[in-house]
Amino acid sequence: MEKIRKKYTSEYKIFAVGLCEQYGSALRVAEELGISKNCLYHWRRSLGKEKLTLQKTSDPDKRRKEMSRLRKEVRNIETERDILKKVPSIFSRRDG
């Protein structure tokens, strides 16, 4: 049987680590939340090393490339729209 890997949000992970610190028992919190204690320990280490944060930093180059791609797509769509606007007048000239 294939195992399905669960994905947790950063907010949930930070919340779970906070509960762990509040109650002092990672095992108890892991049982209450239904997660592995090893997973909770990993999240706690990641938070301590500042790898786990609420805000994900986005790569400016990636954003710039995405904006460039979207602008190009908009230009293409506008060109297609302009061509389609001219189609009825072209066909009406042929028929008449």
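# Salt bridges and helix packing

Arginine 69 and glutamate 73 are four residues apart in helix 4, so about one helical turn separates them. Helices here are DSSP runs of H or I with at least four residues, numbered from the N terminus. The model is predicted: local features need pLDDT of at least 70, side-chain atom pairs count only at pLDDT 80 or more, and totals for chains, interfaces and linings use all residues. Residues are numbered from 1 along each chain as its sequence is written, and side-chain values use heavy atoms, with hydrogens and water left out.

## Charged pairs

The side chains of arginine 69 and glutamate 73 form a salt bridge, with N and O 3.1 Å apart. The term requires a side-chain nitrogen of Lys or Arg within 4 Å of a carboxyl oxygen of Asp or Glu. Side chains of opposite charge can pair when their charged atoms come close. The structure has four salt bridges.

This pair belongs to a network. Salt bridges link Glu66, Arg69 and Glu73.

Aspartate 61 and arginine 64 make another bridge, their closest N and O atoms lying 2.9 Å apart. Both residues are in helix 4, which covers residues 60-95. They are three residues apart, again about one turn. An α-helix has 3.6 residues a turn, so residues three or four places apart point the same way.

Arginine 81 also pairs with aspartate 82. Their closest N and O atoms are 3.1 Å apart.

How exposed are these partners? The table gives relative accessible area. Buried means under 20%, exposed over 50%, and partly exposed in between, using a 1.4 Å probe and protein chains only.

| Residue | Relative accessible area | Class |
|---|---|---|
| Aspartate 61 | 41% | partly exposed |
| Arginine 64 | 55% | exposed |
| Arginine 69 | 43% | partly exposed |
| Glutamate 73 | 37% | partly exposed |
| Arginine 81 | 42% | partly exposed |
| Aspartate 82 | 35% | partly exposed |

## Helix 1

Helix 1 runs over residues 10-23, 14 residues in total. At 1.5 Å a residue it should span 20 Å, and its end C-alpha atoms are 20 Å apart, which agrees. The expected span is 1.5 Å times one less than the number of residues. Just past the helix, glycine 24 has a positive phi of about 80 degrees.

Ser10, Ala16, Val17, Leu19 and Cys20 are buried in helix 1. What do the buried residues of helix 1 pack against? They pack against helix 2 (26-33) and helix 3 (37-48).

## Helix 1 against helix 2

Helix 1 and helix 2 pack at about 135 degrees, with axes 8 Å apart. Axes are lines fitted to C-alpha atoms, for helices over the stretch in contact, and angles run from 0 to 180 degrees between N-to-C directions. The two helices are therefore oblique to each other. Angles under 35 degrees count as roughly parallel, over 145 as roughly antiparallel, 65 to 115 as roughly perpendicular and the rest as oblique.

The crossing is right-handed: the near helix is turned clockwise from the far one by less than a right angle.

On the helix 1 side, Tyr12, Ala16, Leu19, Cys20 and Tyr23 take part. They meet Ala26, Arg28, Val29 and Leu33 of helix 2. Contact means heavy atoms within 4.5 Å.

## Helix 1 against helix 3

Helix 1 and helix 3 pack at about 100 degrees, with axes 9 Å apart. This pair is therefore roughly perpendicular. Helix 1 supplies Tyr12, Lys13, Ile14, Ala16, Val17 and Cys20 to the contact. Helix 3 supplies Leu40, Trp43, Arg44 and Leu47.
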